[in-house]
Amino acid sequence: YLTGHPIDRYENELKQITSSRIADLSLDPTPGNAQHPKGTSSGVQRRRGVPVVVVGLVVSASHRQTQRGRMGTIVLDDRSGRIEATLFSETYEAHRELLVADRILMVSGSLNYDEFRGGLSIRADNVLTFEQARCLYAGQLGLQIQRNGLDSSQFRQQMLQILTPFKGGTTDIRLHYRNRQAVGDILLGQTWRVNPTDELLRRLGHFLGSDNVQVIYGRRGEAAGH
């Protein structure tokens, strides 16, 4: 990738929403054995798998008909490594439109050792675009407030213009504000809950500075599987 891996812009969020980077996935409870057959020594582990949540760029996608129904397979790359994820029957039918190359997806399912291929693979239970996952699981959007040379009225008006189109979501906004007299956090009311899309983060980053915008995953993030 000439301008960096597409997943790089989500780097700060990955450790909050995923169970592991792809290179670190393992069936062995002992750290450091990712991708090693030793991690599949337990027959129970092989049959049941290990619940995982990963995010990666789809580098290839295939769809095919089998005797048991339609299925799809994608290869995910998160810059640390690659892994294959497969969707069967009802799961495939529910998510097949997302199985497209060059899309960044969050996949949750069970990690298993594939005897045929001789490596780890994921049997997917659910698939979301990363933007869908963020809107579903982000607990708060934290904003470090700096005036940028604007007076209070101008700053308020600019913030209203940025936030208003994205209202109606489930993510709270917490402002961390500082002036010469005081410093503190202000949690906006439920009316100002937003959908933290890539476009909203881009606009806020342009206005406040990208380092002053942080997506914080709370209990909703934990529900994703870690």
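In this predicted model, four strands form an open sheet in the order S8-S7-S6-S9, and their pairing is mixed. Strand S8 (183-187) and S9 stand at the edges, each with a single partner strand, so one side of each is left without a neighbour in the sheet. From one strand to the next, the twist averages 25°. A barrel of 5 strands is also present.

**The open sheet**

- Strand S6 and strand S7 (residues 167-178) run parallel and are joined by 6 bridges.
- Within this pairing, Gln 144 has His 176 of S7 standing opposite.
- Helix H6 lies across S6 and S9, and its direction runs at about 20° to S6.

- Helix H6 covers residues 198-208, and its buried residues are Leu 200, Leu 201, Leu 204, Gly 205, Phe 207 and Leu 208.
- Seen down the axis of H6, these buried residues fall within an arc of 165°, so they line one face of the helix.
- The other side of H6 carries Arg 202 and His 206, which are exposed.
- What do the buried residues of H6 pack against? Their partners are helix H1 (11-17), H4, strand S6 (138-145), helix H5 (152-163) and strand S9 (213-217).
- Just after H6 comes Gly 209, which takes a positive phi of about 100°.

**The barrel**

- The 5 strands of the barrel close in the order S1-S2-S3-S5-S4, with mixed pairing.
- Strand S1 (residues 50-66) runs antiparallel to strand S2 (residues 69-77), and 9 bridges join the two.
- A hairpin through 2 residues leads from S1 to S2.
- Which residues of S2 are the bridge partners of His 63 and Gln 65? His 63 has Gly 72 as its partner, and Gln 65 has Arg 70.
- Strand S1 is also joined to S4, by 8 bridges, and these two strands run antiparallel.
- In S4, Met 106 is the bridge partner of Val 55.

**Contacts that involve aromatic rings**

- A pair of aromatic rings is described by the distance of the centres and the angle of the planes.
- A search of the whole structure finds 2 aromatic pairs.
- One of them is formed by Tyr 10 and Phe 130, whose ring centres are 4.3 Å apart.
- Are the rings of Tyr 10 and Phe 130 stacked, edge-to-face or tilted? Planes under 30 degrees apart count as stacked and those over 60 as edge-to-face; the planes of this pair stand at 40°, so the pair is tilted.
- The pair links distant parts of the chain, since Tyr 10 belongs to the segment before H1 and Phe 130 to helix H4, 120 residues apart.
- Tyr 10 and Phe 130 are both buried.
- Another ring contact involves a lysine: Lys 167 lies over the face of Trp 192, at 4.3 Å from the ring centre.

**Two residues in loops**

- Ala 101 is found in the loop between helix H3 (89-95) and S4.
- Is Ala 101 buried, partly exposed or exposed? Its relative accessible area is 37%, which lies between the limits of 20% for buried and 50% for exposed, so Ala 101 is partly exposed.
- Leaving aside residues up to four places away in sequence, Ala 101 touches Val 58 and Ala 61.
- The C-alpha atoms of Ala 101 and Leu 57 are separated by 7.7 Å, although these residues are 44 residues apart along the chain.
- Ser 20 has its place in the loop between H1 and helix H2 (43-48).
- Ser 20 has 15% relative accessibility, which is under the 20% limit, so Ser 20 counts as buried.
- With residues up to four places away in sequence again not counted, Ser 20 touches Leu 25, Val 53 and Val 54.

Notes. Residues numbered from 1 in each chain as written. Predicted model: local features only at pLDDT ≥ 70, side-chain atom pairs only at ≥ 80, totals over all residues. Heavy atoms only, no water. Pairing = 2+ DSSP bridges. Buried < 20%, exposed > 50% of the residue type's maximum accessible area, 1.4 Å probe, protein only. Arc of directions from axis to C-beta. Contact = heavy atoms within 4.5 Å. Phe/Tyr/Trp six-rings, centres within 6.5 Å; stacked < 30°, edge-to-face > 60°. Lys NZ or Arg CZ within 6 Å of the ring centre and 35° of its normal. Axes fitted to C-alpha atoms, helices over the stretch in contact; angles between N-to-C directions.
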